[in-house]
Amino acid sequence: MKSVTVLAGGVGGARFTRGLLAQLAVAAPDAAVTVIANTGDDMWLDGLRICPDLDTIMYTLGGGINEEQGWGRPDETRRASAEIAAYGRGWSWFTLGDLDLATHIVRTDLLRSGSTLSEVTEFLCRRWQPGVRLLPMSDQPIETHACLAENADEHAAGDCIHFEEWWVRYRARVAVTGFEQRGLASAVAAPGVLEAIGTTDLVVLPPSNPVVSVGTILAVPGVREALRSTSARVVGVSPIIGGAAVRGMADACLSTIGVETSALGVGVHYGSRSSGGVLDAWLIDETDAASLPALAAAGIRSAAAPLWMTDLPATTAMAAAVLRLAAEG
Ligand code: GDP
Ligand code: CA
């Protein structure tokens, strides 16, 4: 095993990758890991470019994450946010800590002087040393919007609001008719993305949100085709355990696109590469083992293992199960 490529959202993708790095350190110390991050949650806020998933991955792997929250920095203060709020600006429900703001200021400064998001990400990672090559899925802005099925505050049914507003302000509790990825049609995959999928030994779809994290990366022109044609094994890890999203509200995203919130439902949604999908193998939690025959019937080679990322040893064991599943195929 010389290289592994991971298609990741924020918290789930970052935590899994931490376990993967720990497992590879033992099993394949020379293996290089590339993480392709979802940038569909990116947005402009208070004049700054915010990239939630890139930052969660960078901070988690670089030792600068707030472990309890899963995002942002530890020991934060909110003095700048409070000042912005005093002007009646900003989003009261989206907090930007003072330490975190520094990252957004540096990013925005570099973007405004003409650097691409890939270049900016590489620059920020020089400080954090995440131990992976971290790539945004695209250098063009792609912003996921949630299209509302009902009125919510100043928004009318039919309006499409930024995904982060739906997710953080409304906790995904306002019904939506679908998601729109603005900017997607004219976007291209960032430098290195298609190569990282095409030339690696293993591609992992970690337990990230299948709709607005992995789904968005798969929608970037060329990415799905690269996954379909790579000679690498593609192994997915279920973000759903026992019919529920382990953390967060991924179930609201799945039901919006008509996919059942279950390890089986998501596995079938990704589909087997042998029948037009993207998976060679699918790892589900032990509690969902009863779905193994149905997955096999759908042509998806699957196995069950404990999938709760409670701590680093548990997550490392999960990564080991992924490597085993890849080797069996
Ligand atoms: P986000 O961008 O921060 O929302 O993070 P991701 O898209 O990477 O992943 C979020 C999803 O990861 C959640 O909705 C859960 O379904 C899944 N997840 C989080 N923690 C765990 C865990 O411990 N085990 C498993 N199997 N899935 C998890
Ligand atoms: Ca995210």
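**A close look at the ligand sites**

Guide: Happy to! Keep in mind that this is a predicted model. Let's begin with D41, which counts as buried because its relative accessibility is 5%, under the 20% cut-off. D53 is buried too, with a relative accessible area of 6%. These two residues supply the protein donors of the calcium ion, ligand 2: D41 (OD), D53 (OD) and D53 (OD), which lie 2.1 to 2.7 Å from the ion. The pair joins distant parts of the chain, as D41 belongs to the loop between strand 2 (32-37) and strand 3 (43-45), while D53 is in helix 2 (residues 52-62), 12 residues apart.

Now let's move on to ligand 1. There are 20 residues around ligand 1, and S208, S213, P239, R247 and L307 come nearest. For S213, a polar side-chain atom lies 2.6 Å from an oxygen atom of the ligand. The backbone takes part in the contacts as well: a backbone N or O atom of G10 is 2.8 Å from an oxygen atom of ligand 1, and a polar backbone atom of M309 lies 2.8 Å from an oxygen atom of ligand 1. Taken alone, ligand 1 exposes 590 Å², and the protein buries 93% of that.

One last stop takes us back to helix 2 (residues 52-62), the helix that holds D53. If you look for Y59, you will find the charged end of R73 sitting over its ring, 5.6 Å from the ring centre.

Technical notes
Residues are numbered from 1 along each chain as its sequence is written. Chains are lettered from A and ligands numbered from 1 in the order in which they are written. This is a predicted model: local features need pLDDT of at least 70, side-chain atom pairs count only at pLDDT 80 or more; totals for chains, interfaces and linings use all residues. Side-chain values use heavy atoms; hydrogens and water are left out. Donors are N, O and S atoms within 2.8 Å of the metal (3.2 Å for Na, K and Ca); water is not among the atoms, so sites may look incomplete. Helices (H or I, at least four residues) and strands (E, at least two) are DSSP runs, numbered from the N terminus. Buried means under 20% relative accessible area, exposed over 50%, partly exposed in between (1.4 Å probe, protein chains only). A charge sits over a ring if NZ of Lys or CZ of Arg is within 6 Å of the ring centre and within 35 degrees of the ring normal. A residue is near a molecule or strand if one of its heavy atoms lies within 4 Å of it. A polar contact is a pair of N or O atoms within 3.5 Å; within protein, one must be able to donate a hydrogen and the other to accept it, and residues adjacent in sequence count only if both atoms are side-chain atoms. Accessible areas come from the Shrake-Rupley method with a 1.4 Å probe; for residues, only the protein chains shown count as cover.
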